[in-house]
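Welcome! Please open the model in your viewer and keep the selection tool at hand, and we will walk through it stop by stop.

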Amino acid sequence: MMGFTMGTWRRLIVDHPVLSLEDIQTLKYGMSDAKWTAKTLDATFPAHSGQAGLIQALDRLCEQATTAAAQGQAVLVFSDQAAGPDRFPIPSLLVIGAVHQHLLRTQQRTSVALFAECGDAKEVHDFATLLGFGADGVCPYMAYHALAHMNNEGLLEAIAKKSVRPAAFRSNMETLYDDIARLHEAGFPTHSLETPLVRNPGQYHARENGEFHFNTPSAIVALQTAARTQSRDAYDQYRDLTNAASKYD
């Protein structure tokens, strides 16, 4: 739920930073009574345009945010709903972080509120980082649609095991672009299989060619063996594996 207060100062009151589908629609289209205007900015970019296309899209969003703030727009909604076979979504954390820092540099950040209408926010950590990077609110529309679909199919109890996890952020822009392209291929596959294959990225359990884990399965086995058998050789193996993992780039 949200509301408006009028008077000398006009304020937008948001009861919770995680917005419902109705809340985001009110932000985008229903604020005329408060004499405010909101602008929705497209947080997608042309598919297969490489990291150059990603950087250009971020520059575009920053410039659009600057212009909107100068024109008196009170609310900016960054939406990736235009994502599809021909357009990649920009990770919402990258969008919010880039625009937030840009508006701080232009001294316009206090003039606008930033909201993310995104498909990649699903877990508590996703919302915490978005809010920490500058979002005033988040609408996880894809999570809502997934819940509704699972409820209709009688699969709601399986959501913890079936949900698709977002790719982890990395500092390297090329690697980040590769993650975006990989997830896009999973959502809009070019192969002809009836059921698209969504690879487990291994964020919580180690998977071959998945997310890197400091505590590798081999290291855990060596540590357990050392603890059970008091084996110096097993401990040395554990030490070598963890030392090597600490140098992972």
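Which element supplies the largest share of the lining of the largest cavity? Keep that in mind while we get our bearings.

**Before we start**

This is a predicted model, in which local features need pLDDT of at least 70 and side-chain atom pairs count only at pLDDT 80 or more, while totals for chains, interfaces and linings use all residues. Residues are numbered from 1 along each chain as its sequence is written, and side-chain values use heavy atoms, with hydrogens and water left out.

**Stop 1: the whole chain**

Show the protein chain as a cartoon. You will find nine helices and eight strands. Helices (H or I, at least four residues) and strands (E, at least two) are DSSP runs, numbered from the N terminus.

Of the 249 residues in the chain, 36% are buried. Here buried means under 20% relative accessible area, exposed means over 50%, and partly exposed lies in between, with a 1.4 Å probe and protein chains only.

The accessible surface is about 14900 Å², and carbon and sulfur atoms account for 54% of that. Such areas come from the Shrake-Rupley method with a 1.4 Å probe, and for residues only the protein chains shown count as cover.

**Stop 2: the largest cavity**

Select Ala 43, Phe 78, Asp 80, Ile 90, Ser 92, Val 95, Ile 96, Ala 116, Glu 117 and Cys 118, which line the largest cavity. On a 1 Å grid over the protein atoms alone, a cavity is a set of points where a 1.4 Å probe fits but cannot get out; a pocket is an open set with protein on both sides within 12 Å along at least five of seven lines, and lining residues have an atom within 4 Å of a point.

Back to the opening question: helix 3 gives the largest share of this lining, with three residues. Helix 3 (92-105) and strand 7 (113-117) each supply at least two lining residues.

The space inside the largest cavity is about 50 Å³. Grid points are joined across faces, edges and corners, and a volume is the space filled by probe spheres set on the points. The structure has one cavity of 30 Å³ or more.

Ala, Val, Leu, Ile, Met, Phe, Trp, Tyr, Cys and Pro count as nonpolar, Asp, Glu, Lys and Arg as charged, and the others, Gly among them, as polar.

**Stop 3: the second largest pocket**

Next, select Leu 12, Trp 36, Ala 74, Val 75, Arg 109, Thr 110, Ser 111, Val 112, Ala 113, Phe 115 and Asp 136 to see the lining of the second largest pocket. Its volume is about 170 Å³. The lining holds seven nonpolar, two polar and two charged residues.

**Stop 4**

Click on Leu 76 in strand 5 (residues 75-79). Is Leu 76 buried or exposed? Its relative accessibility is 0%, so Leu 76 counts as buried. Leaving out residues up to four places away in sequence, Leu 76 touches Lys 39, Ala 65, Ala 68, Val 112, Ala 113, Leu 114 and Phe 115. Contact means heavy atoms within 4.5 Å.

Move on to Phe 45, in strand 4. Phe 45 is also buried, at 0% relative accessibility. Draw a distance from Phe 45 to Pro 89: they are 44 residues apart in sequence, yet 6.6 Å apart from C-alpha to C-alpha.

**Stop 5: one face of a helix**

Select helix 1 (residues 21-29) and highlight its buried residues Asp 23, Ile 24, Leu 27 and Lys 28. Look down the axis: these buried residues fall within an arc of 130 degrees, so they line one face of the helix. The arc is that of the directions from the helix axis to the C-beta atoms. On the other side of helix 1, Glu 22 and Tyr 29 are exposed.

**Stop 6: two loop residues**

Most residues other than glycine have a negative phi. Now select His 48, in the loop between strand 4 (44-46) and helix 2 (50-70). Phi of His 48 is positive, near 60 degrees, and His 48 is exposed at 61% relative accessibility.

Finish at Gln 107, in the loop between helix 3 and strand 7. Phi of Gln 107 is near 60 degrees, a positive value, and Gln 107 is exposed, with a relative accessible area of 73%.
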